[in-house]
Amino acid sequence: MLEAIDLACQRGDRLLFAGLGLQVGPATLLHVRGRNGSGKTTLLRALCGLLHADAGQIRWHGEDIRELAEDYRRDLLYFGHLNGIKADLTGLENLQIAATLDQRPVAADALRAALARIGLDGYEDLPTRLLSQGQKKRVALARLILSKAPLWILDEPFTALDTDAVTLLEELIAQHVAGGGLVVLTTHQEVALTRGAIQRLTLDPPAHAAAAGPAEATTSASSAAAGAAVPQ
Amino acid sequence: MFKVFACILTRDLTLALRRRTDVLTTLFFFVIVVSLFPLGVGSERALLKQLGPGVVWVAALLASMLALERLFAADYEDGTLEQLLLTGQPLSLLVLAKVIAHWLLTGLPLVLIAPLMAMQYHLDWGAVWIMLVSLAVGTPVLSLIGAIGAALTLGLRGGGILLSLLILPLYVPVLVYGSGAVAMAAIDLAAVVPYLQLLGAFLLVALVFAPLAAALALRIALE
C-alpha cells in the first residue's frame, strides 16, 4: 500500500500541488494525468524518494519511505525520462547490471529471453548507442520483464515506442497489476486493464500558479486544490 | 553486497576501456605538465632536484582534478545515476566502487609513470621510490576527496571551475606531506616514515568518510 498524505511540492517559486493525498492498494494502477508542467514528474520523483516533498509524508505499508530508505527502494522500480542505460554497453550488459543491482542474479538465458520478448532479438550484443531511440527505450523497459518489485513507478513509458511495443508494455502493466502489483504511471493515453482497479489523479494547477511570493503561492494553492485520487 | 560493488567496479572499467580517451588525456596532461618545467627553468641539476618533488606532486594533483569532473557526470546525463540512487543498496558503497574504478583509471597510471618523469629531475633512487609510494598512498585520497566535490557540483553550469575552487584547498595537506616525503628522502630516508604514515592516515579517514559525504551530496544534487 502506497500512501501520500498532505503532499506539497514546489519548483522554484512555483507551487505545483499542495494538500495532495493518495492511496494505492495492491492490484491497482494509478494513472496520473495533467497538462505539461502540472507536476506529474515531480510527483513521481517524490514518490520514489528522489525528491523531498516540501510538505507531507509518503508511506509504504504504513511506514515513512525516508525511514525505510533501502528497504523501500528494493520494492521499487522507477522508469524515468532518461532511459538509464549506458550507451557504450550492450543491451545484454545493461540488463545484467540492472539485475545485479537489484541483487537478483539472472541467468544469461533469461536476460536474452527478456530482450527477445521486448523485440530486440539480434540486437542484444550491440552497444546501445547504435540503437534507435525506441530500441533504447525497449532495452530500458526489458527491466520490467525481469523485475520482481511490487511497485512500479513509470514516467511517460509510452513515448517513442511503436504500436507493437506499446501493446507489449500495456500487457506487462496489466500482468503486473493482475499479479497484485502496484503501478503509478503518467501517460497521455488510456490504459486498459484485464483485472484490478484503475485510479485516476488529475493534477490541475491554478492557471496563474507562477506566484511572485511564497505567501501568495500558499493562498492560490488552497483556492484551487491540486486534486485527489478518485477511485473508479 | 560484494557482488554489487564488483558489478559497479567492472562496469566503470569496461566503459573506460571502450572509451579510452578520458584515461589517456589525464595521463598525457600529467606527462606534459611535468616535462614543461625542465624546459622552462633550464637544466641546472641542483635546481631541478629541488623542484622535482613539488612539481610532480602538483601535476598529479591537477591531473586528478581534471579527471574528476567526469566521475559522476556521464552517469548523471544518461540517467544511470538515478537508477543507482534507487537500487536498495547503500549508496556510499556504490560511490566507493566508482571512486576506486576512477582511481584505477586515472590515478594508478600516473603513479606508475611517475618514476620515469622523476628522471628528468635527477632525483636519486631512494627519492624515486618514496615518490612512487607517496603517490600510491596519496592519489587515492585525492580521488576520494574529489568525489565529494564532484558530487556537489554535479549538474551545475561551470561546475568545473567551482569544483577546483572547492577541492584544491582540501588537497593542500596531501600535497604538503606527499611532496614533503619526497623532498625529505633526498636528505634522510629514515625521516620519511612519519610523512608516509600521515598520508596513510589521510587515506583511512577519507576511505571511511568521503563515500558517505559524496553519497549525501549526490542525493542533494539529484533533487
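1. In this note, two residues are in contact when heavy atoms lie within 4.5 Å, and helices are DSSP runs (H or I, at least four residues) numbered from the N terminus. The model is predicted, with local features needing pLDDT of at least 70 and side-chain atom pairs counting only at pLDDT 80 or more, while totals for chains, interfaces and linings use all residues. Residues are numbered from 1 along each chain as its sequence is written, chains are lettered from A and ligands numbered from 1 in the order in which they are written, and side-chain values use heavy atoms, leaving out hydrogens and water.

2. Helix α3 (residues 45-68) of chain B packs with α8(B) at an angle of about 150 degrees, their axes being 9 Å apart; axes are lines fitted to C-alpha atoms over the stretch in contact, and angles run from 0 to 180 degrees between N-to-C directions. The two helices, α3(B) and α8(B), are therefore roughly antiparallel, a term for angles over 145 degrees.

3. On the α3(B) side, the residues meeting α8(B) include P53(B), W57(B) and L61(B), and among their partners in α8(B) are L163(B), Y171(B) and V174(B). By class, this contact of α3(B) with α8(B) has 14 nonpolar, five polar and no charged residues, where Ala, Val, Leu, Ile, Met, Phe, Trp, Tyr, Cys and Pro count as nonpolar, Asp, Glu, Lys and Arg as charged, and the others, Gly among them, as polar.

4. Helix α8 (residues 159-187) of chain B also comes, axis to axis, within 9 Å of helix α9 (residues 193-221) of chain B, crossing at roughly 155 degrees. Here V174(B) is one of the α8(B) residues in the contact, and F202(B) is one of those in α9(B).

Definitions and conventions
Parallel < 35°, antiparallel > 145°, perpendicular 65-115°, else oblique.
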